[in-house]
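Please keep the sequence and the structure in view while reading the points below.

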Amino acid sequence: MAKAVFQLEPLTCPSCIKKIETTLTKTTGVDLVKVLFQSSKVKVDFNEAQLTPQQIETTITKLGYSVLSAKVS
């Protein structure tokens, strides 16, 4: 299991959290998603055999949020 943290542009509404968490939770290979509203970060635990960090970033971008940076461990 790998972990990634995506830094987004500042989030403006609490509904953004639900939108991101719901979409990513339904994505195959994603185990856990946590959106931190105050710091505008998305923490994701995922299975590297099923999903790449780039695919997660693309999903976030398609939802309308700009990813400023990503850190994978």
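The model is a predicted one.

**The salt bridge**

- The structure holds 1 salt bridge, formed by D45 and K3, whose closest N and O atoms are 3.2 Å apart.
- D45 lies in strand β3 and K3 in strand β1 (residues 2-8), so the pair ties together parts that are 42 residues apart in sequence.
- Strand β3 itself spans residues 41-46.

**Surroundings of the pair**

- D45 has a relative accessibility of 15% and therefore counts as buried, the cut-off for that class being under 20%.
- K3, at 45% relative accessibility, counts as partly exposed.
- Apart from its neighbours within four places in sequence, D45 is in contact with M1, A2, K3, G29, V30, D31 and L32.

**Helix α2**

- Helix α2 covers residues 53-62, and P53, I56 and I60 are buried in it.
- Viewed down the axis of α2, these buried residues fall within an arc of 60°, so they line one face of the helix.
- That buried set packs against β1, α1 (14-25), β3 and β4 (67-72).
- On the face of α2 turned away from the buried side are the exposed residues Q54 and K62.
- Just after α2, G64 adopts a positive phi of about 105°.

**Where the two topics meet**

- Strands β1 and β3, which hold K3 and D45 respectively, are among the elements against which the buried residues of α2 pack.

Conventions:
Residues are numbered from 1 along each chain as its sequence is written. This is a predicted model: local features need pLDDT of at least 70, side-chain atom pairs count only at pLDDT 80 or more; totals for chains, interfaces and linings use all residues. Side-chain values use heavy atoms; hydrogens and water are left out. Helices (H or I, at least four residues) and strands (E, at least two) are DSSP runs, numbered from the N terminus. Buried means under 20% relative accessible area, exposed over 50%, partly exposed in between (1.4 Å probe, protein chains only). Contact means heavy atoms within 4.5 Å. A salt bridge is a side-chain nitrogen of Lys or Arg within 4 Å of a carboxyl oxygen of Asp or Glu. The arc is that of the directions from the helix axis to the C-beta atoms.
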